[in-house]
Amino acid sequence: MAGIKRSTLAQQLVRGKVSETTVVRVARACDQNPVEALSFFEEYHDLLAGSGPPTDSELISQVTYVCVLQLLVARSLHPNPSPSDLPGLGPFPHRNSVRAWFEAVDPGDLRQRLSAKTGVAPQNLSAQLTAGRLAPELAVQAARIAGVSLTGGLVATGLLTPDECGWPLGGRERALAELSDPELVFLARDRLDTLGKMVKKLEHDEDSNSALLEQLG
């Protein structure tokens, strides 16, 4: 029913470490609330009680830079656009969802406080965010520190769906519509700046790999 191999489930049970993904898939297969199912475990004991609507910043973080640019162009063509004049938003989570969510809830020292609380080195946190992932327990702990809904990070990582966590239908569109034109321009600038840094890092990594291969002969 859950689409999990019996051998995989047996191994997890024997080790005493059933993954969050398994818990969620089994809960869905049994028509149970995944958030409530995760709350049975000590690491997530407050998950259900701490679940609430996302902030506008979290909603906007789940919009790709392409959609932001499309919206900016649409506004320039239609000073007072109607909903039909505006482009639809792409699905989420998107490629940069995890990092965008983390930055959206970051009060300024989230990496340092999360590292101190969990014992995970800041460079390891950065590596996860750069790779577009974040362990579920770290996502929930980050939300606790940031004072936002505990399920927001689990939506950004793709473990839970927006519907399962009470994200409002059309919430992203509403949050974007409330941004002024200058605010939308600054948002696009920040997204492109982040993209530029990612591209530079990829180019640097490729150059490093090429140099290493040449040295190895």
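Tutor: The dialogue below goes from the chain as a whole to its helices, its backbone and its pockets.

Student: What kind of model is this, and how are residues numbered?

Tutor: This is a predicted model, in which local features need pLDDT of at least 70 and side-chain atom pairs count only at pLDDT 80 or more, while totals for chains, interfaces and linings use all residues. Residues are numbered from 1 along each chain as its sequence is written, and side-chain values use heavy atoms, with hydrogens and water left out.

Student: How many helices and strands are in the protein chain?

Tutor: Helices (H or I, at least four residues) and strands (E, at least two) are DSSP runs, numbered from the N terminus. The protein chain has 12 helices and 0 strands. Its C-alpha trace spans about 60 × 55 × 35 Å along the principal axes.

Student: What share of the residues of the protein chain counts as buried?

Tutor: Buried means under 20% relative accessible area, exposed over 50%, and partly exposed in between, with a 1.4 Å probe and protein chains only. Of the 217 residues of the protein chain, 35% count as buried. As for contacts (heavy atoms within 4.5 Å), among those between residues at least 6 apart in sequence, 66% join residues at least 24 apart.

Student: How should I read the packing of two helices, and at what angle do α6 and α7 cross?

Tutor: Two packed helices are described by the angle between their axes and the distance between the axes. Axes are lines fitted to C-alpha atoms, for helices over the stretch in contact, and angles run from 0 to 180 degrees between N-to-C directions. Angles under 35 degrees count as roughly parallel, over 145 as roughly antiparallel, 65 to 115 as roughly perpendicular and the rest as oblique. The axes of α6 (residues 97-105) and α7 (residues 110-118) come within 10 Å and cross at roughly 100 degrees; α6 and α7 are therefore roughly perpendicular to each other. In this contact, R99, F102 and V105 of α6 meet L110, R111 and L114 of α7.

Student: Which classes of residue make the contact of α6 with α7?

Tutor: Ala, Val, Leu, Ile, Met, Phe, Trp, Tyr, Cys and Pro count as nonpolar, Asp, Glu, Lys and Arg as charged, and the others, Gly among them, as polar. The contact of α6 with α7 has 4 nonpolar, no polar and 2 charged residues.

Student: Which residues of α2 are buried, and against what do they pack?

Tutor: In α2 (residues 20-29), the buried residues are E20, T22, V23, V24, A27 and A29. They pack against α1 (6-15), α3 (34-38) and α9 (136-146).

Student: Is α9 mostly covered or mostly open?

Tutor: Helix α9 is mostly covered, with 8 of its 11 residues buried. The buried residues of α9 are covered by elements including α2, α6, α7, α8 and α10 (152-156).

Student: What values does the backbone take at D31 and between F92 and P93?

Tutor: Most residues other than glycine have a negative phi, and most peptide bonds are trans. D31, in the loop between α2 and α3, has a positive phi near 55 degrees. At 72% relative accessibility, D31 counts as exposed. F92 and P93 are joined by a cis peptide bond with omega of about 5 degrees, and P93 lies in the loop between α5 and α6.

Student: What is the volume of the largest pocket, and which residues lie nearest its centre?

Tutor: On a 1 Å grid over the protein atoms alone, a pocket is an open set of points with protein on both sides within 12 Å along at least five of seven lines, where a 1.4 Å probe fits; lining residues have an atom within 4 Å of a point. Grid points are joined across faces, edges and corners, and a volume is the space filled by probe spheres set on the points. The largest pocket has a volume of about 570 Å³. Its lining has 23 residues, of which R95, N96, T194, L195 and M198 lie nearest the centre. Helix α12 gives the most to this lining, with 10 residues.

Student: Which helix gives the most to the lining of the second largest pocket?

Tutor: Helix α12 gives the most to that lining, with 5 residues. The second largest pocket has a volume of about 270 Å³, and E103, L187, D190, R191 and T194 lie nearest its centre.
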